[in-house]
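Subject: Handover of a protein structure

Dear colleague,

Please find below the structure that I am handing over to you. My notes on what was found in it follow.

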Amino acid sequence: MLASGIADKLSKSAESFETAYMEFEQVKEISFMESSVASKGIIVCDKQGRVRWEVESPFKSILLRKGDKIFRFEFTLGKWIKLSDANTEAFAKIIEQIRTLVLGNFSDANKDYEVFEKSQKLILVPKDERAKKFIKSIEITPSEDFTHPKKMVITDALSDTTTITFVRFIPNVQNIETAFDEENYEKFSKIPH
């Protein structure tokens with residue numbers, strides 16, 4: 001049972017999504033710093049559990065999730081290199097939660113979060129005490145037509161925030177297999193406007 005009308009609307013809309021392509025802008029506000037860290041990139045995901053999280057600036061990196069496998073790549077010194085598998089479990093959990101929320105599966109979110117509505121936003125607070133050591137809350141602002149999240153604000157245990165604004169959202173994108181190909185990861189490109 002969902003806890004809010006916003007969750008119901010987002011879930012209903014997302015029922016028809018098999019894939020999603022999003023361009024995002026992200027701003028990380030760190031409490032001990034006077035400035036913020038901004039980045040932008042794309043996220044591609046599907047209901048099969050695959051995710052591509054690609055940062056395009058200020059640096060280039062790609063994180064691929066296929067099932068329980070994580071692949072990380074970084075563009076450095078003029079070429080792409082594969083990074084070690086350190087911390088992949090933490091990456092996998094975070095990426096899976098974002099994929100689940102973007103694809104509107106709030107029944108799964110209810111297993112891990114208290115879900116409530118406040119000021120036309122959906123607020124998720126972790127139930128698990130271990131999770132609370134990392135995430136204080138996730139605030140989701142829906143798009144005006146309630147088809148997808150427009151913005152997510154993740155507040156960590158130190159009250160630092162990461163704001164992800166989805167500046168472009170395209171559901172049910174076709175021919176995206178190369179987005180999840182760990183052998184040819186660099187061949188996927190943004191969808192033209």
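A polar contact, as the term is used here, is a pair of N or O atoms within 3.5 Å; within protein, one of the two must be able to donate a hydrogen and the other to accept it. With that in mind, the side chain of Ser13 reaches the backbone oxygen of Thr147 at 3.3 Å. Ser13 belongs to helix 1, residues 5–14. Leaving aside residues up to four places away in sequence, Ser13 touches Phe146 and Thr147.

Please note that this is a predicted model. The protein chain contains four helices and 11 strands. Its radius of gyration is 16 Å, which agrees with the value near 16 Å that a compact globule of 193 residues would have. Along the principal axes, the C-alpha trace spans about 45 × 40 × 30 Å. Of the 193 residues, 45% are buried. The chain exposes about 10,800 Å², and carbon and sulfur atoms supply 52% of that area. There are 29 positive and 31 negative side chains, and the centres of the two sets lie 0 Å apart. Among contacts between residues at least 6 apart in sequence, 45% join residues at least 24 apart.

I would next draw your attention to Glu23, which is found in strand 1, residues 19–29. Is Glu23 buried or exposed? Glu23 is buried, because its relative accessible area is 6% and the cut-off for buried is under 20%. The side chain of Glu23 makes a polar contact of 2.8 Å with the side chain of Tyr21. Another polar contact, also of 2.8 Å, joins the side chains of Glu23 and Arg168. Not counting residues up to four places away in sequence, Glu23 touches several residues, including Gly41, Ile42, Phe166, Lys190 and His193.

Some points of backbone geometry remain. Most residues other than glycine have a negative phi, and most peptide bonds are trans. Ser57 and Pro58, however, are joined by a cis peptide bond, with omega about 10°. Pro58 lies in the loop between strand 3 (51–57) and strand 4 (61–66). Gln120, which is not a glycine, has a positive phi near 60°, and its place is in the loop between strand 7 (113–118) and strand 8 (121–126). Asn172 likewise has a positive phi, of about 55°, although it is not a glycine. Asn172 is found in the segment after strand 11 (161–171) and counts as partly exposed, at 29% relative accessibility.

With kind regards

Conventions
Residues are numbered from 1 along each chain as its sequence is written. This is a predicted model: local features need pLDDT of at least 70, side-chain atom pairs count only at pLDDT 80 or more; totals for chains, interfaces and linings use all residues. Side-chain values use heavy atoms; hydrogens and water are left out. Helices (H or I, at least four residues) and strands (E, at least two) are DSSP runs, numbered from the N terminus. The radius of gyration is taken over C-alpha atoms; the globule rule is 2.2 Å times the number of residues to the power 0.38. Buried means under 20% relative accessible area, exposed over 50%, partly exposed in between (1.4 Å probe, protein chains only). Contact means heavy atoms within 4.5 Å. Accessible areas come from the Shrake-Rupley method with a 1.4 Å probe; for residues, only the protein chains shown count as cover. Lys and Arg count as positive and Asp and Glu as negative; His and the chain ends are not counted. The place of a charge is taken as NZ of Lys, CZ of Arg, CG of Asp or CD of Glu.
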